[in-house]
Amino acid sequence: MALNARLDHRNPLVFDTHELGRRPGALQRLTREIDAPKDLGIQGVIGVPEGAPVELELRLESVMEGVLVTGTARARAKGECVRCLEPLELELAADFQEMFSYPDADDRGRPKAEPADDAEEDEDMLFIEDGLFDLEPVLRDAVVLALPMQPVCQDDCPGLCSQCGARLADAPDHHHDAVDIRWAALQGLAGSLEDGEKDEMSGAEAGVDEKQEK
């Protein structure tokens, strides 16, 4: 991607590498607790609520090309069971590793020559700007990969009754008498025939009564 524009050091997801320096092999370990940004997770399925605490443990390593960031984000995610639709919560631990490149160095860490007018930056690269880097896009990707695409409240959740919507975990013996639609059709036909026979018998009896009266 393009160089980060005007990173704000007050943003809790923006980190300063000045103390680390650019000497290859230099290490720095950081811990920080932040408030979760908006839409951190799989939208409409499960995620970390906005403003919830997120604990970050980071290891910054200076290399020739830039700063290699390795870390773990821990938080509590909330969502809805895809089987029974009940609310659920789970502990999240998302690991990540990302290279933040110096914009003025090539792949071997040497200063770049002046770029040609038609040079294009690699859109997949993340850069350090004025000694700062923004961890938010890395955090978002890591959280999405760590979350289940189809969260369930328990592995053996039986879900909902397909006929009435009852939660089956609350009523293990819940069931409906199954009716074969073919037999139901025959039963309906038999009922119609019985009604017709009754009507015919009633008509015949009425005719006999009329003859007797005459």
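**View 1. Arg76 and its salt bridge to Glu89.** In this predicted model, Arg76 is partly exposed, at 37% relative accessibility. Its salt-bridge partner here is Glu89, and the closest N and O atoms of the two are 2.5 Å apart. Arg76 belongs to strand β6 (residues 66–80) and Glu89 to strand β7 (residues 87–101), so the pair ties together parts that are 13 residues apart in sequence. Glu89 is also partly exposed, with a relative accessible area of 42%. Through salt bridges with shared partners, Arg76 and Glu89 form one network with Lys78 and Glu91.

**View 2. The salt bridge between Arg10 and Asp8.** The side chains of Arg10 and Asp8 meet at 3.1 Å, N to O. Arg10 is exposed, its relative accessible area being 65%. Asp8, at 32% relative accessibility, is partly exposed. This pair is one of 7 salt bridges in the structure.

**View 3. The salt bridge between Arg59 and Glu61.** Here the closest N and O atoms of Arg59 and Glu61 are 3.3 Å apart. Arg59 has a relative accessible area of 27% and is partly exposed.

**View 4. Surroundings of Thr17.** Thr17 sits in the loop between β1 (14–16) and β2 (27–35). With a relative accessible area of 6%, Thr17 is buried, because the limit for that class is under 20%. Which residues is Thr17 in contact with, leaving aside its neighbours within four places in sequence? They are Leu60, Val67, Ile128, Gly131 and Phe133.

**View 5. The buried face of helix α1.** Helix α1 covers residues 136–146, and its buried residues are Val138, Leu139, Ala142 and Val143. Seen down the axis of α1, these residues fall within an arc of 130°, so they line one face of the helix. They pack against strands β2, β3 (40–42), β5 (53–62), β6, β7 and β8 (126–127). Among these strands, β6 and β7 also hold Arg76 and Glu89 of View 1, respectively.

**View 6. The opposite face of helix α1.** Which exposed residues does α1 carry on the face turned away from its buried side? Asp141 and Leu145 are found there. The buried side itself is made up of Val138, Leu139, Ala142 and Val143.

Key: Residues numbered from 1 in each chain as written. Predicted model: local features only at pLDDT ≥ 70, side-chain atom pairs only at ≥ 80, totals over all residues. Heavy atoms only, no water. Salt bridge = Lys/Arg side-chain N within 4 Å of Asp/Glu carboxyl O. Buried < 20%, exposed > 50% of the residue type's maximum accessible area, 1.4 Å probe, protein only. Helix = DSSP H or I, 4+ residues; strand = E, 2+ residues; numbered from the N terminus. Contact = heavy atoms within 4.5 Å. Arc of directions from axis to C-beta.
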